[in-house]
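Please load the model in the viewer and keep the sequence panel open. The stops below proceed from the interface to the individual chains and then to selected side chains.

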Amino acid sequence: MLRVLALASVVLLGIAPQASQAITVYTSWERHALVGSDVRLSCSFFSWRFVSEDVSFTWRYRPDGSRDSVSIAHYAGGEPYTDNKGAFKDRVEFVGNPKRRDGSILIKNLDFSDNGTFTCDAKNPPDIVGRPSSVRLLVFETLPIQAGVITGAIIGVVLGLLVLIVVIYYLMRFLVARRVFSLSVSKHGKKKKEGSQQRQASFLLLLFFLFLLPLLQYPPPLLPPLPHMHPVCSDKRNRLARCHHHMTIWRDYNSIQRLLREFGMRKRVVKGNIHLLCMAAQLT
Amino acid sequence: MLVLIALSILHIAAIILLLAATIDNAWWVTSTTSTDVWGRWVLTNNKWNMTDLPNNYPTDYLQAVQATTVLACIFSIIGLFVFIAQLFTLPKGRRFTISGVFQALACLFIMIAASIYTDRFHTNEKSIGNYGHSFILAWIAFGLTFISSIVYFVLRKK
């Protein structure tokens, strides 16, 4: 087993350098353009070596139906050279950045005779083994119908609306179910059920009183808001006791006491405060 | 039971017709061409070649026809799955409303497609060619989906 592994690794290491030395050239597959317009044919390459000073790009053109190709642009030794004799005279311009592995050319003022195949060959010494890549240029009088934009838009919008409606429907069902569930829990858990409006109003009033009372007696402490507190108090003597009874969450009552004590209020004052809170709640 | 089978067959038939109308390039045929919403078949030297549609077609209407035929197919197929699901999950006495809605949407979309095509394409070429089988199937599919959706809205689960 080990021997097989060793053999395989040796073989791979032997092959890999050769494979990695090849240069790969990338161009588009096909380009469409209108008569009279300009088109930019892009060409880039990938090489395992850094871009050398002698990097070279060669562009060849082969008309449709012909078997010969003619060279129209060349970049070598840091200088671009373009066609100055043939059909592309003064129409080709080298616009790529060879240092960034880009060897694109710009062909201006297209004509129907420019239909054909353009081949880009890039060499990055010492990395010279590679296959050139071709791009086919098609020149139109008017651009053909691009089967896509409006079609895709209509289909996308309708399906999107469908998905949205389904999601909203299930969301509403989920929310309603959760609300029903929480209401039923509150009905079982508490001794007295308060409406939500009443709850909010009493809460606000409680907050108001809590802030007001310390101002009268001591420097104002900071009390956190008290949730779920709506004591219901009925008569004078047993007011506190009943109040404590009716407080929905005992925890909060104890914490209020603790907090008020922390700020230096004495027990009677604490009780008095809660007493007033109960009164305030009853007023709402 | 028989009613359900008949309904399923009707629905599947509608789907098949919709697919044939959408995929087949035969909304308008002449002696040498067979054209439609996606491409054009041209008979040259006894060989059929696929070519692009001519540029004088109104592009937005063409793409609207393409989109709506595809959407009609999609909604009808989804409707079939929804119908089968509803067969198992719907409580007794309830109507197949959701399947009906999907079929109705498919009906609406194929109607839009066929109407646009009838009104905007080949309006001056009546002497040269005639409507092909995809066009006819589109209108028949409109009728089938319409009947299907009505039945879904009316039928109650037993």
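How many residues of chain A are in contact with chain B, and how many of chain B with chain A? Select the interface: 15 residues of chain A are in contact with 18 residues of chain B, where contact means heavy atoms within 4.5 Å. This is a predicted model, in which local features need pLDDT of at least 70 and side-chain atom pairs count only at pLDDT 80 or more, while totals for chains, interfaces and linings use all residues; side-chain values use heavy atoms, with hydrogens and water left out. Residues are numbered from 1 along each chain as its sequence is written, and chains are lettered from A and ligands numbered from 1 in the order in which they are written.

**The interface**

Remain at the boundary of the two chains. About 1,200 Å² is buried between chain A and chain B, and carbon and sulfur atoms give 77% of this area. Buried area is the accessible area (1.4 Å probe) that two parts lose on being put together, summed over both. Three residue pairs, both residues at pLDDT 80 or more, are in polar contact between chain A and chain B. A polar contact is a pair of N or O atoms within 3.5 Å; within protein, one must be able to donate a hydrogen and the other to accept it, and residues adjacent in sequence count only if both atoms are side-chain atoms. The number of salt bridges across this interface is zero, a salt bridge being a side-chain nitrogen of Lys or Arg within 4 Å of a carboxyl oxygen of Asp or Glu.

**The two chains**

Select chain A, which has six helices and twelve strands. Helices (H or I, at least four residues) and strands (E, at least two) are DSSP runs, numbered from the N terminus. Of its 284 residues, 30% are buried; buried means under 20% relative accessible area, exposed over 50%, and partly exposed in between (1.4 Å probe, protein chains only).

Select chain B next. Its elements run α-β-β-β-β-α-α-β-α from the N terminus on, and buried residues make up 44% of its 158 residues.

**Salt bridges**

Over all chains, the structure has six salt bridges. Select A:Asp64 and A:Arg136, whose side chains meet in one at 3.3 Å, N to O. This pair links distant parts of the chain, 72 residues apart: A:Asp64 lies in the loop between β5 (56-63) and β6 (70-76), and A:Arg136 in strand β12 (residues 133-140). A:Asp64 counts as partly exposed because its relative accessible area is 43%.

Move to A:Glu93 and A:Lys108, where the closest N and O atoms of the salt bridge are 2.9 Å apart. A:Glu93 is in strand β8 (residues 92-94), and A:Lys108 is in the loop between β9 (105-107) and β10 (116-123). A:Lys108 has 27% relative accessibility and is therefore partly exposed.

In chain B, select B:Arg120 and B:Asp119, which form a salt bridge at 3.6 Å, N to O.

**A nonpolar surface patch**

Finally, select A:Val157, A:Leu161, A:Leu164, A:Ile168, A:Leu171, A:Met172, A:Phe174 and A:Leu175, a nonpolar patch on the surface with about 770 Å² of accessible area together. Patches are made of residues with over 30% relative accessible area and no salt bridge: like charges are joined within 9 Å, nonpolar side chains (Val, Leu, Ile, Met, Phe, Trp, Tyr) within 5 Å. Accessible areas come from the Shrake-Rupley method with a 1.4 Å probe; for residues, only the protein chains shown count as cover. A:Leu175 lies in helix α2 (residues 149-189) of chain A and is partly exposed, at 41% relative accessibility.
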